[in-house]
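Subject: A structure for you to look at

Hi,

Here is the structure I promised to pass on. Please open it beside this message, and then read on for what turned up in it.

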Amino acid sequence: MDTLTGFTRTNYCGDLRIADAGKTVSVCGWVQRQRDLGGLIFVDLRDRTGLVQLSFGDNTDREIFEKAVSLRAEYVVAAVGVVRERESKSKKIATGDIEIEVTELRLLAKAETPPFEIVENSNAGDVLRLKYRYLDLRRPEMQRMIALRHRIVKICRDYYDEQGFLEIETPMLTKSTPEGARDYLVPSRVHPGKFYALPQSPQQYKQLLMLSGFDRYFQIARCFRDEDLRADRQPEFTQIDLEMSFVNEDDVLTCQEGFLKRVFKEILDVDVPAPFQRMPWREAMDRFGSDKPDLRFGFELKDISDLVKDCGFAVFSDAVKAGGSVRLINVDGHAADFPRKKIDKLQEYVKTYRAKGLAWTRLHENNITSSYAKFLTEDEQKAILERAGAKDGDLVLIVADPKDEVVFASLGALRCECARQLNILDPKDFRFLWVVEFPMFEWSEEEGRYQAMHHPFTAPMVEDQDKILTDKAHCRARAYDIVLNGTELGGGSIRINTPEMQEKAFEALGIGEADIQERFGHLVNAFKFGAPPHGGLAYGLDRLVMLMAGTESIRDVIAFPKVQNASDLMMACPDVVDQKQLDDLSIAVTRMEAPEE
């Protein structure tokens, strides 16, 4: 096997062009494929920048030629040669006008046949790709997405530095303050029976940095949450985390619009118009059934509760009487795209959001068919269609439920599902939206009490401060989310900065003095020494990269992700550890027997 002694790479494979013809170059990489035509051998050599063709022929030294004969896919080689114009050009690769006539070839490492081919758009299954992630990452599309992530982070650091932010690291081993998702716990060897927690976010630290007088902080922060996974969620993820002192909402939002405009221009050459649209949370829910609405299409929700509250159809009237609502969407102009079989599938779809069913009216070729017409008077039917703005060619879909959250969730998801099925979502149409004025609290059926919708350090709207104890259901927060095409990119708020208001927030959440000192004493005590008005935001970096890369899963933009059950298939972890490690940590493990089938 050869070595790189005395060898210096002069060029990356994918960077060579016709202007380099006549130059002697040195390149390294992996063999994509070898084509042996008898007296002529071509080798496609790949590195992170792309492919270049190596050529071996009559003028090639016989020892080098024989070495080229032995090359197989994924062998690692280094080559020296002269760039020349190709006789048979290729438009499929950027270097398709040239090739390298090899004068020196070094075989640096052999390779077994990989479990899947290292190509674009591999048809290998996710499990296989993640088990051999180091091979999957060799594929050009994965190389591009990881490089894209790097470029976005670079722009982030440059932008916030120019805006006067300091990048400050916060601890990875911190205190467990159970709220929201479960913590990942780390046992302490030197403090037996005690645990650190991995941070769910740097929230308290970044507020303390504002108390410390740093004025503007940011961090590319690693965060950990022990929660159920989905396509855009991982147990360990990365935030672009930031905080600013002496600011209001406009200051924070304007600063973030500048960052997003810059990153989309430099990465995608897309001019994002600013200022971004702002929409109160209540309006977003009423119009779109979601606090992260996709604005690329219509199909907006309409409330028809007032029209059907006294109708003869119990499904509608009972929902209103129970305190819920009846709402619809009009999939306007697409009745022909949804025959009865497809509507039946939509009925099953909304049930996954706890809706009991889906009522519908289809107006097609001057015929009106409906699942509920026989239960309503003609005037009631006419009023519903008028509220929907329905005309021939439209499909009206209705959900009724005693709980508004079920109606919103099911119709909000249904409008997006219809858009997906109709293929009307343009991935290059970027619609940013600030959702503002979130509720301060949300009712938890499981806990039987109000909880903080964001976190207990979020400030109430100035005009709602008196409601924090007396009218929690209508108390709004100075919170905001940045939404892009139906995905929440990040969120934040103006924070509470006085001990008196923080005490009220804890009281509203039912957190007693002992718990306050145990869980948040460090922050509460710091407030006594003068806290500036401050606010901030955290982006989900993985989600931002995912959307800009045009992929549907954050796993594609994370080098070494976990799978659905939070395990790492490549490293085969989590795993058991030996008894000595457990003894050092004063941990006893109880082995659970598998349940009988």
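Strands here are DSSP runs of E with at least two residues, helices are runs of H or I with at least four, and both are numbered from the N terminus. Before going further, please note that this is a predicted model, in which local features need pLDDT of at least 70, side-chain atom pairs count only at pLDDT 80 or more, and totals for chains, interfaces and linings use all residues. Residues are numbered from 1 along each chain as its sequence is written, and side-chain values use heavy atoms, with hydrogens and water left out.

Two strands count as paired if DSSP finds at least two bridges between them. Arg35 stands opposite Phe42 in β2. A second hairpin links β2 to β3 through two residues, and these two strands pair in the antiparallel sense over seven bridges. Here Ile41 faces Phe56 in β3 as its opposite number.

β2 is mostly covered, with seven of its seven residues buried. Buried means under 20% relative accessible area, while exposed means over 50% and partly exposed lies in between (1.4 Å probe, protein chains only). In a regular strand the side chains alternate between the two faces of the sheet. In β2, Ile41, Val43, Leu45 and Asp47 point one way, Phe42, Asp44 and Arg46 point the other way, and all are buried.

These strands belong to a closed barrel of five strands in the order β1-β2-β3-β5-β4, with mixed pairing. Neighbouring strands of this sheet are turned by 55° against each other on average, direction ignored. β3 (residues 50-56) and β5 (residues 98-109) pair in the parallel sense over two bridges, and Ser55 has Glu101 as its bridge partner in β5. Helix α1 (residues 62-69) lies across β1, β2, β3 and β5, at about 75° to β5. For such angles, axes are lines fitted to C-alpha atoms (for helices, over the stretch in contact), and values run from 0 to 180 degrees between N-to-C directions.

**The open sheet**

Eight strands form an open sheet with mixed pairing, in the order β6-β9-β10-β22-β21-β20-β17-β11. Its edge strands are β6 (166-167) and β11 (277-280), each of which pairs on one side only. β9 (residues 216-224) and β10 (residues 236-245) pair in the antiparallel sense over nine bridges, and Gln219 has Asp241 as its bridge partner in β10. Helix α5 (residues 203-211) packs on the sheet, touching β9, β10 and β22, and its direction makes about 25° with that of β10. Helix α7 (residues 281-288) also packs on the sheet, touching β11 and β17, with its direction at about 85° to that of β11. Contact means heavy atoms within 4.5 Å.

Helix α16 (residues 541-549) is mostly covered, as seven of its nine residues are buried. Its buried residues pack against α4, β9, β10, α6, β21 and β22. Just after α16, Gly550 takes a positive phi of about 75°.

**A covered strand and a covered loop residue**

How many of the residues of strand β16 are buried? Seven of the seven (residues 395-401) are, so β16 is largely enclosed by the rest of the structure. β16 pairs with β13 (residues 325-331) in the antiparallel sense over seven bridges, and Leu328 has Ile398 as its bridge partner. Four bridges join β16 to β14 (residues 359-364), again antiparallel, and there Trp360 is partnered by Leu397.

Asp464 sits in the loop between β19 and α13. At 2% relative accessibility, Asp464 counts as buried. Leaving aside residues up to four places away in sequence, Asp464 touches His474, Cys475 and Arg476.

**The chain overall**

The chain holds 17 helices and 22 strands. Of its 597 residues, 47% count as buried. Its C-alpha atoms fill a box of roughly 90 × 75 × 60 Å, taken along the principal axes.

Enjoy exploring it!
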